[in-house]
Amino acid sequence: MKIAMVGTGYVGLVTGTCFADSGNRVTCVDINAAKIADLNAGKIPIYEPGLEELVVRNSEAGRLKFTTDLAAAVKDAELVYLGVGTPQGDDGAADLSALWAVVDGLAPHLKPDAAVVIKSTVPVGTNAETFARLREKTGRDCHVASNPEFLKEGAAIDDFMKPDRVVVGVRDPQVGEKLRLLYAPFLRTEKPFLVMSPESAELTKYVANAMLATKISFINTMANLTEKLGGDINDVRRGIGHDSRIGFAFLFPGVGYGGSCFPKDVRALEAMFERAGIDPVMLKAVDVINEAQKRTLLDKMTEFYEGQFAGKTFAIWGLAFKPRTDDIREAPALVLIDNLLAAGAKLRVHDPEAADNVRAIYGDKLTYCDQPLETLDGADALAINTEWAEFRQPDMNDVKRRLNAPVIFDGRNLYDRGLMQELGFTYYSIGRQTVR
Ligand code: NAD
């Protein structure tokens with residue numbers, strides 16, 4: 001199939017590349033000319049494991065192209081995928097201005113039998129509004145489908161190639177069949193291809209993210225209680241997870257969720273509730289709990305240092321909102337950095353992939369270290385925000401030697417409390433008793 005993929009970010013680039021990899025001819029479009037120039041030169045603008053090799057292979061095979069020319073990409077395409085950003089607007093709802101700019105821009109060039117497929121996460125009613133807008137611009141009924149994306153940054157290629165399910169929302173069953181063919185190479189393990197109305201498909205994406213965000217805020221709330229009452233959340237987690245109705249997935253306490261999806265999608269769903277006249281009590285709580293949880297390491301550090309941070313130096317491991325990505329949008333680490341800098345602390349930071357994005361915000365206000373252990377040299381304590389694999393088993397004797405004092409604030413429960421006690425650390429973690 002000939003496909004135009006409009007919006008070449010985390011989702012657009014992965015989607016376009018994976019469709020090209022199964023033999024389709026894909027043209028990725030973006031308004032960011034620097035990004036397109038990089039991609040045409042074989043440079044990948046984001047860090048995503050496995051992506052570079054796939055982009056290079058499919059570009060060399062002539063199946064994957066990059067351009068800023070929307071008209072040229074759309075005029076031959078059977079499917080025009082929309083993957084532009086839908087960030088949070090001032091009122092909490094999704095800001096669809098990029099999407100509408102693309103819809104208006106592509107309308108004059110759309111082939112009569114082509115389908116526009118919305119991959120971006122968009123509020124219920126966006127498919128219908130796209131249909132109405134295209135009818136107004138073209139004078140005919142155009143096919144508009146919804147195909148929300150469930151991939152995770154850090155495992156995006158794998159998630160796309162082996163999805164748990166594919167959801168499509170269509171009005172015309174023929175468009176559904178075309179999308180079924182497109183996805184057939186990715187569903188050979190009999191995972192379901194679910195066809196529904198555009199409204200249900202649009203809502204499915206928000207409900208999935210709201211459920212995941214709720215699980216995180218749920219376990220974080222329980223962790224905070226467990227910590228106060230004298231238990232260990234890890235034991236509680238095991239105790240509940242073996243119940244098959246509950247399970248273990250996505251129930252790890254930490255420093256709160258971040259990224260470009262959960263925060264904005266929870267708020268956009270709140271806005272949909274409000275529009276529907278229903279008070280989104282539960283979602284408000286999920287959001288409030290998360291904002292507080294992003295301060296949890298800061299609260300523990302404030303207690304330990306009695307609020308006196310001036311003249312102190314801290315090492316920070318992990319800046320991305322989660323491992324295996326360079327994405328720092330709404331990352332909890334930024335809350336810690338902002339507050340510690342404001343209180344007069346000096347910070348030495350390390351992240352395997354996200355340091356450049358952090359440098360673009362903070363410049364020389366931070367000291368950037370290439371290696372985790374080097375980050376500790378001369379620091380008064382270590383604070384951990386992201387559970388990158390390389391932080392799990394450092395040489396703890398070396399950690400102790402390098403720090404000015406053996407103090408760790410662990411936002412991801414990476415280490416065994418007993419071991420930390422034996423080694424003489426002061427060790428704060430989440431939902432567990434502090435080792436002193
Ligand atoms: P992103 O910010 O990485 O990429 C968006 C791209 O769209 C940018 O490259 C931008 O330059 C481009 N763009 C903006 N306006 C444009 C225009 N008028 N014409 C052409 N290109 C334009 O965003 P993302 O993380 O890829 O997210 C895209 C959508 O997918 C969002 O709706 C998001 O909620 C959803 N989504 C994201 C993820 C994720 O993990 N990142 C997962 C599932 C769904």
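Analyst: Happy to. Pro253 is found in the loop between α10 (233-241) and α11 (262-275); helices here are DSSP runs (H or I, at least four residues), strands likewise (E, at least two), numbered from the N terminus. Keep in mind that this is a predicted model, with local features needing pLDDT of at least 70 and side-chain atom pairs 80 or more, while totals for chains, interfaces and linings use all residues. Residue numbers start from 1 along each chain as its sequence is written.

The "binding site" annotation in the unreviewed UniProt entry takes in Phe150, Leu151, Lys152, Glu153, Lys205, Phe250, Leu251, Phe252, Pro253, Gly254, Gly258 and Lys322. These residues span 173 positions in sequence and their farthest two C-alpha atoms are 23.7 Å apart, so they do not all gather at one spot. UniProt annotations may be inferred rather than shown by experiment.

Eleven residues of domain 1 are in contact with nine of domain 2, contact being C-beta atoms, placed from the backbone, within 7 Å. On the domain 1 side of that meeting, six residues are nonpolar, three polar and two charged; Asp, Glu, Lys and Arg count as charged, Ala, Val, Leu, Ile, Met, Phe, Trp, Tyr, Cys and Pro as nonpolar, and the others, including Gly, as polar.

Now the ligand. Its shell has 26 residues, of which Gly7, Gly9, Val11, Ser120 and Thr121 come nearest (C-beta, placed from the backbone, within 6 Å). Helices α1 (10-21) and α5 (97-106) each give two or more residues to this shell. By class, the shell holds eleven nonpolar, eleven polar and four charged residues.

Towards the C-terminal side, the unreviewed UniProt entry lists residues 315-417 as "domain: UDP-glucose/GDP-mannose dehydrogenase C-terminal". This span is 30% helix and 17% strand, with its end C-alpha atoms 20 Å apart. An open, parallel sheet of six strands runs in the order β11-β10-β9-β12-β13-β14, where pairing needs at least two DSSP bridges. Strands β11 (367-368) and β14 (426-428) have a single partner each, so one side of each lacks a neighbour in the sheet. Within the sheet, β9 (313-317) and β10 (346-350) run parallel and are joined by five bridges, with Thr313 opposite Lys346 in β10.

Notes. Two residues are in contact if their C-beta atoms, placed from the backbone, lie within 7 Å.
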